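Please read the points below beside the sequence and the coordinates.

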Amino acid sequence: MLATGIGFAYQFADSFAFLILSSIGLAVIFGMMGVINLAHGEFIMCGAYVTVLSARAGLPLPLAMVLGAAVAGAIGILIEFLVIRRLYSRLFDSIVATWAISVIATQGMLIVVGPSLEGLKTPFGSFELAGLTFSWYRILLPVVALAILASLYLLFVKTPFGVRARATIQKPEMARALGVNTDRVYSLTFGLGAALAGLTGALYAPTMTTVPTMGSAFIVQAFVTVVVGGTDVLLGAAPAATVLAFIQSLLTASNGQLIGQVGLLLTVIVVVRLMPKGISGWMLKGSE
Amino acid sequence: MSWLSGFNGPQTLGSGLGFWSSFAAAVVLLAAAPWLVESYLVNNLAYFLLWTFMALGLSVIWGHAGILSFGQTAFFGLAGYSYGVISINLGDANGLTWVAFSGALLLTALFAALVAYFMFYGGVGNVFVGIVTLSITLVMETFMAQTAGPEWAIGSARLNGFNGMSNMPPLTMPGIVEGGLVLEGNALYWFVLALAVSVYLGLRRLVNSRFGNVLVAIRENPDRAEMLGYDVRLYQLAAFTLGGALAGVSGVLYTTWGSYITPSSMGLTAAALPIIWTAAGGRKDITTTFVATVFLLWLSQTLAVKGAQYALVLMGVILLLVVLLAPDGLVLLASRALARTAAELRRRRT
């Protein structure tokens, strides 16, 4: 009984971390700019590749991870400048353009670095509790996920950048009239989202094989969390991930990995039918 | 030309004598292809044409109704797998493959209608429709990829996981020749061509009908369409179901053409292709979509000799450039450039 409880808690924390981390970069860009970044998975892939390659070149793992996030962020800012900026008035086209970038990045990586890369070992080893084996690194990930959420909250609520960014989402014209450089806000926000995606790739790089198509392993979870989270993405991410992780780990424990995934999708369809604006829309409606 | 008037209208390009005579010439030329080119090319042509149904369906959903569907491959794959499962179980005697054909399409249309019901009657925002449809196709890929074990079988049809299903019987017309006319080679090509021409003409009528005009009204302004008394959700559901069923036609034909279907036909890369063809063609018109689909498939196949990655990178670049520089699509861009050059030449001569 104890073992089942601990096993479930571990599974839950693991799913929670994966849902938060895989969705957070997408959520920032979507929540702040309304753009769905279909190249999200490729920013994750980019972060993972930079981390693995630089760690194998001798850089300490934490630094390699920071580098992975930084490179993804820099590429994000570049792509915003070259492509996304030109499509702000055409929302759908910006989504399609990011898909084009996704295809180019995945297939380009296949050409440049080949189908797979020798990975890294998961650090910190493991420990045993109540007859089950747990990885320290997997315990660390939920903590990191919560820390990232907390820092984002502080960034958007307590800093001058956050105030300008929120002003820009609410009323771009008004923000501009008050002297906010909205173009720079958009550029930095897209860069931030890309860097967070890169960080996700960096964090998961030691736990999975690094392949050019690895982004698609994250993208369903990312979408699902954002859709269930709803209109106010930053507010909705944590409760959405909690609900979804609970459902997923419950179903995975009783019926296996796949049913867990299918359960996620069914949850989304039902949530969307009952609360079209997601959990955060429902929470905000209560407060009005 | 009055008998053609039903096929012309505000939602389609090309209406004059010139357009319809080139159309007729193209159909005659395509129909004569088995006598003009070698059988390897005919087989390729059948392959190019069988994808056009999915592209035309996306043109109706995305270009005409303004619904962003990124998951047409979900319906493609469902139809392909359904055809495989039903036909392997029933066999190919007495035209039973047509039961598999229509059963697969019916299942696919039902599934599309169900998805559409949850999305449109649930009031899902248009951007989220893109995400939900893409998630559905990706989850279906994951699902099919793990069905490798012997416990994953429906009747006598093994799903075979990542390697996909194979060895389903081809479509067979009963009674024409002894034991039925098996649709493969030239026969399959003619069948696909006839179906493509009928679907193309049918869609021309449909998008220019009252239904098609209401779809465009919804695309332009859903609120206004609703104020005018149209049930927007119902029209969206109908368009989505039609588009899903057309993707299903491609799925079944693809499965019979190569006698296999794999989970990767529902993956992220596969899902991007119909978007690329439709966007490059100029999604608001079915003729340009049709032309661009066949052209890009030919281009991909030619380039794929060096490796599929090179062709896909080029497809991505084309999509990016089209979105940035030519939102009306390449076909219109090319035909306008041709018209300008022709006008320039005429001017110089005089």
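Predicted model: local features only at pLDDT ≥ 70, side-chain atom pairs only at ≥ 80, totals over all residues.

Is P160(A) buried or exposed, judged by the other C-beta atoms within 10 Å?

1. P160(A) is exposed, since 7 other C-beta atoms lie within 10 Å; the scale used here calls a residue buried with 20 or more other C-beta atoms within 10 Å of its own, exposed with 12 or fewer, and partly exposed in between, the C-beta atoms being placed from the backbone. P160(A) belongs to helix α6 (residues 160-170) of chain A, where helices (H or I, at least four residues) and strands (E, at least two) are DSSP runs numbered from the N terminus.

2. Residues are numbered from 1 along each chain as its sequence is written, while chains are lettered from A and ligands numbered from 1 in the order in which they are written.

3. G5(A) is in helix α1 (residues 2-33) of chain A and counts as exposed, because 10 C-beta neighbours lie inside 10 Å. The C-alpha atoms of G5(A) and A237(A) are separated by 25 Å, and the two residues are 232 residues apart along the chain.

4. In chain B, G14(B) is placed in the segment before α1 (17-31) and is partly exposed, with 16 other C-beta atoms within 10 Å. Leaving aside residues up to four places away in sequence, G14(B) touches F19(B) and T287(B), contact being taken as C-beta atoms, placed from the backbone, within 7 Å. Between the C-alpha atoms of G14(B) and F75(B), 61 residues apart along the chain, the separation is 30 Å.

5. Two residues deserve a look at their backbone angles, given that most residues other than glycine have a negative phi. N167(B), which is not a glycine, has a positive phi of about 65°; it sits in the loop between β3 (165-166) and β4 (172-173) of chain B and is exposed, with 11 other C-beta atoms within 10 Å. S259(B), also a residue other than glycine, has a positive phi near 55°; S259(B) lies in the loop between α10 (232-258) and β6 (260-261) of chain B, and with 15 C-beta neighbours inside 10 Å it counts as partly exposed.

6. Which residues touch the most other members of the largest nonpolar core? Of its 191 residues, these are A100(A), V227(A), V132(B), I276(B), A280(B) and L319(B), a nonpolar core being a set of buried Ala, Val, Leu, Ile, Met, Phe, Trp, Tyr and Cys residues joined through C-beta atoms within 7 Å. V227(A), for one, touches V268(A), V272(A) and G278(A) as well as F128(B), I131(B) and V132(B), residues up to four places away in sequence not being counted.

7. Within chain B, the axes of helix α11 (residues 268-281) and helix α12 (residues 286-303) come within 7 Å and cross at roughly 125°, axes being lines fitted to C-alpha atoms, for helices over the stretch in contact, and angles running from 0 to 180 degrees between N-to-C directions. That angle makes α11(B) oblique to α12(B), as angles under 35 degrees count as roughly parallel, over 145 as roughly antiparallel, 65 to 115 as roughly perpendicular and the rest as oblique. I276(B), W277(B), T278(B), A280(B) and G281(B) in α11(B) meet residues of α12(B), among them T288(B), V291(B) and L296(B). The residues of this contact of α11(B) with α12(B) divide into six nonpolar, five polar and no charged, with Ala, Val, Leu, Ile, Met, Phe, Trp, Tyr, Cys and Pro counted as nonpolar, Asp, Glu, Lys and Arg as charged, and the others, Gly among them, as polar.

8. The contact between the chains takes 32 residues from chain A and 35 residues from chain B. On the side of chain A that touches chain B, α4 (91-113), α9 (216-229) and α11 (257-274) each supply at least two residues, and α4(A) gives the most, with 14 residues. That side divides into 25 nonpolar, four polar and three charged residues.

Technical notes: Contact = placed C-beta atoms within 7 Å.
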